[in-house]
Amino acid sequence: RVFLRAINQYADMLNKKFLDQANFELQLWNNYFHLAVAFLTQESLQLENFSSAKRAKILNKYGDMRRQIGFEIRDMWYNLGQHKIKFIPEMVGPILEMTLIPETELRKATIPIFFDMMQCEFHSTRSFQRFENEIITKLDHEVEGGRGDEQYKVLFDKILLEHCRKHKYLAKTGETFVKLVVRLMERLLDYRTIMHDENKENRMSCTVNVL
């Protein structure tokens, strides 16, 4: 809780002193996002890994601090305004790590950041190729490392499709991208499940699907 308060103090200072065009400090903002995501993903806050008694005790005393810092990261991202493009594609991986935390409200609040990144890159370059390449590479790594689940796939699909379909220019390319990533996620989750299967044919079939 002490660290959370310190990070929030840091965030306040960034917003007050280092956000406007004349004083913007890329490295400080970069440090903030990496620090906040490291805080959110640390092992000692992953409540689903604890016994129900321990989980209840922590929630009762402190609440879910992952949710608190996650909402703060989301707000800080939107505060960046015109500076957002400077963080694409480098921030795709850390934001992905955050959205993969198995906490539904946190996921619902932070998955829309991906659409904002797509939109931001599209306005700058007329495509979102760098974002797309980065999320596919990072997703592969994260799912192989044990993160991600069926609920995440469904939320990712639903939230991003809703946002893309409302956008004048991203409706078609956005939908194609979302379908591609969701299909990849399906294959990766299947592959992860079957890696421990004794049946070599099943494993080979899953590998071919991923490829």
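Contact, as I use the word today, means heavy atoms within 4.5 Å. Helices are DSSP runs of H or I with at least four residues, strands are runs of E with at least two, and both are numbered from the N terminus.

This is a predicted model, where local features need pLDDT of at least 70 and side-chain atom pairs count only at pLDDT 80 or more, while totals for chains, interfaces and linings use all residues. Residues are numbered from 1 along each chain as its sequence is written, and side-chain values use heavy atoms, with hydrogens and water left out.

I'll start with a helix pair. Phe-114, Met-117, Met-118 and Glu-121 of α7 are in contact with Gln-129, Arg-130, Phe-131 and Ile-135 of α8. By class, the residues of this contact are five nonpolar, one polar and two charged. Here Ala, Val, Leu, Ile, Met, Phe, Trp, Tyr, Cys and Pro count as nonpolar, Asp, Glu, Lys and Arg as charged, and the others, Gly among them, as polar. Helix α7 covers residues 112–125 and α8 covers 129–144; their axes come within 8 Å and cross at roughly 145°. Those axes are lines fitted to C-alpha atoms over the stretch in contact, with angles from 0 to 180 degrees between N-to-C directions.

Next, α2. This helix, residues 26–41, has 16 residues and reaches 23 Å from first C-alpha to last, close to the 22 Å expected at 1.5 Å a residue. The expected span is 1.5 Å times one less than the number of residues. Which residues of α2 are buried? They are Trp-29, Tyr-32, Phe-33, Ala-36, Val-37, Phe-39 and Leu-40, where buried means under 20% relative accessible area with a 1.4 Å probe, protein chains only. They lie on the same side of α2, because they cover an arc of only 160° around the axis, taken from the directions from the helix axis to the C-beta atoms. Their cover includes α1 (2–17), α4 (65–79), α5 (92–99) and α6 (104–110).

Take Ala-36 in that helix. Its relative accessible area is 0%. Leaving aside neighbours within four places in sequence, Ala-36 is in contact with Ile-69 and Ile-73. Its C-alpha is 9.7 Å from that of Ala-11, 25 residues apart along the chain.

Last, α10, residues 171–194. Its end C-alpha atoms are 35 Å apart, which agrees with the 34 Å that its 24 residues should span. Its buried residues include Phe-177, Val-181, Leu-184 and Leu-188. Among the elements covering the buried residues of α10 are α7, α8, α9 (150–165) and α11 (200–210).

Methods. Buried means under 20% relative accessible area, exposed over 50%, partly exposed in between (1.4 Å probe, protein chains only).
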